[in-house]
Amino acid sequence: MSEENVTLTSNVLGTIGTVLWCIQLIPQIWYNWRRKNTDGFPAAMMFLWAGCSVPMGAYLILQQVNIPLQIQPQMFGFFSLVCWGQILYYNHDYTKTKAILVSMGTVVLFGGLEVLLILTLRIPYNNGVKWPDIVVGIIAAIILSAGLLPPYFELWKRDGRVIGFNWVFLSIDTLGGLFSLFALAAQGSFDILGGIMYVLVIVLEGGIYISHISWRIRYRKLRKEAKDSGKSIEDLLLLRRNDIRETGDIEKGIIPGAPGDVGSLGQIEHANA
């Protein structure tokens, strides 16, 4: 793709997408700091997103897309590593100093890898050999998609409920993907791999919205009960899980509260006989 293919419209849309993706994680960073907790916000997601910025940045720079889109992966990767450092500190017992050093060290490492990748691929690319750059773009799309899979594991653990995510962050992220996709479409020629990366973000994040909306609908009575009783939804969910567990134990013939928390109705009746 040549610079002549970059239109004013694509630059404007790309700038909007870049601004959104540059600030997208700031609400999440603030949310993590305010809560001093990152439960439900997977470290693997942030690390994979940061790792994705290396091949994504190299691919977009070599493709000579508009400048805003070239800057975008760098900011995206940096803030992803800031969030990753928060998760290490709040949920993985890292000291503040250790979390900062590990995060900043990874920033330097990833930056160096991207520069090395660009310099290495530029030689064959300038000679008309484009397939290595395409392979790098495919790898970036795969890593980006993989980064949005850990949240689905968290959703599975919580019956579809989303916790730990700041909805402002998620909304800005989705809009950033949309505007970036529009920027590619506004260029003289559409970059397919770049488009696939943004479409994957939009689709997979759409699944997160749908999952949480579905959870709210299915648990609307419990949410109303929590509101009326003044209890938190977490407390009521815990009580419900305990009730289900006790009911299951009774059906299996296990007496709750028996010594060692294990007992058999059949064994006790036999002993009494």
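The model is predicted, so local features are reported only at pLDDT of at least 70 and side-chain atom pairs only at pLDDT 80 or more, whereas totals for chains, interfaces and linings use all residues. Residues are numbered from 1 along each chain as its sequence is written, and side-chain values use heavy atoms, with hydrogens and water left out. The protein chain comprises 12 helices and zero strands, where helices (H or I, at least four residues) and strands (E, at least two) are DSSP runs numbered from the N terminus.

**Overall fold and surface**

- Of the 273 residues in the protein chain, 44% count as buried; buried means under 20% relative accessible area, exposed means over 50%, and partly exposed lies in between, with a 1.4 Å probe and protein chains only.
- Among contacts in the protein chain with a separation of 6 or more, 77% are between residues 24 or more positions apart, a contact being heavy atoms within 4.5 Å.
- The protein chain exposes about 14500 Å², of which carbon and sulfur atoms supply 66%; these areas come from the Shrake-Rupley method with a 1.4 Å probe, and for residues only the protein chains shown count as cover.

**Confidence**

- The mean pLDDT of the protein chain is 83, and 84% of its residues reach 70 or more, pLDDT being the predictor's confidence in each residue on a scale from 0 to 100.
- Confidence is highest in helix α2 (residues 25-35), at a mean of 95, and lowest in helix α12 (residues 265-272), at a mean of 41.
- Over residues 261-273 pLDDT stays under 50, and for this stretch the model has 10 contacts beyond four places in sequence.
- Where pLDDT is low, the predicted coordinates should not be read in detail.

**Annotated spans**

- An unreviewed UniProt entry carries the annotation "transmembrane region" for residues 12-31, 43-62, 99-122, 134-153, 165-186 and 192-215; UniProt positions are given in the numbering used here, feature names are shortened, and annotations may be inferred rather than shown by experiment.
- In the model, residues 43-62 are 100% helix and 0% strand, with their end C-alpha atoms 30 Å apart.
- Residues 134-153 are 90% helix and 0% strand, and the end C-alpha atoms of this span lie 30 Å apart.

**Salt bridges**

- Three salt bridges are found in a search of the whole structure, each defined as a side-chain nitrogen of Lys or Arg within 4 Å of a carboxyl oxygen of Asp or Glu.
- Side chains of opposite charge can pair when their charged atoms come close.
- Lysine 157 pairs with glutamate 154, with the closest N and O atoms 3.5 Å apart, and both residues lie in helix α7 (residues 150-157), three residues apart, or about one turn of the helix.
- Lysine 157 is partly exposed at a relative accessible area of 46%, whereas glutamate 154 is buried at 13%.
- Glutamate 154 also meets the side chain of arginine 158 in a salt bridge with an N to O distance of 2.5 Å, and arginine 158 is partly exposed at a relative accessible area of 26%.
- Arginine 218 forms a salt bridge with aspartate 159, the closest N and O atoms being 3.1 Å apart.
- Because arginine 218 lies in helix α9 (residues 192-218) and aspartate 159 in the loop between α7 and α8 (167-185), this pair ties together parts that are 59 residues apart in sequence.
- Arginine 218 is partly exposed, with a relative accessible area of 45%, and aspartate 159 is partly exposed as well, at 38%.
- Salt bridges that share partners join Glu154, Lys157 and Arg158 into one network.

**Individual residues**

- Serine 145 is located in helix α6 (residues 131-147) and counts as buried, because its relative accessibility is 15%.
- A polar atom of the serine 145 side chain lies 2.8 Å from the backbone oxygen of alanine 141.
- Leaving aside residues up to four places away in sequence, serine 145 touches Leu200 and Leu204.
- Aspartate 93, although not a glycine, has a positive phi of about 60°; aspartate 93 lies in the loop between α4 (67-91) and α5 (96-126) and is exposed, with a relative accessible area of 75%.
- Aspartate 159, the partner of arginine 218, likewise has a positive phi of about 60° although it is not a glycine.

Terms used
Polar contact = N/O pair within 3.5 Å; in protein donor to acceptor, adjacent residues only side chain to side chain.
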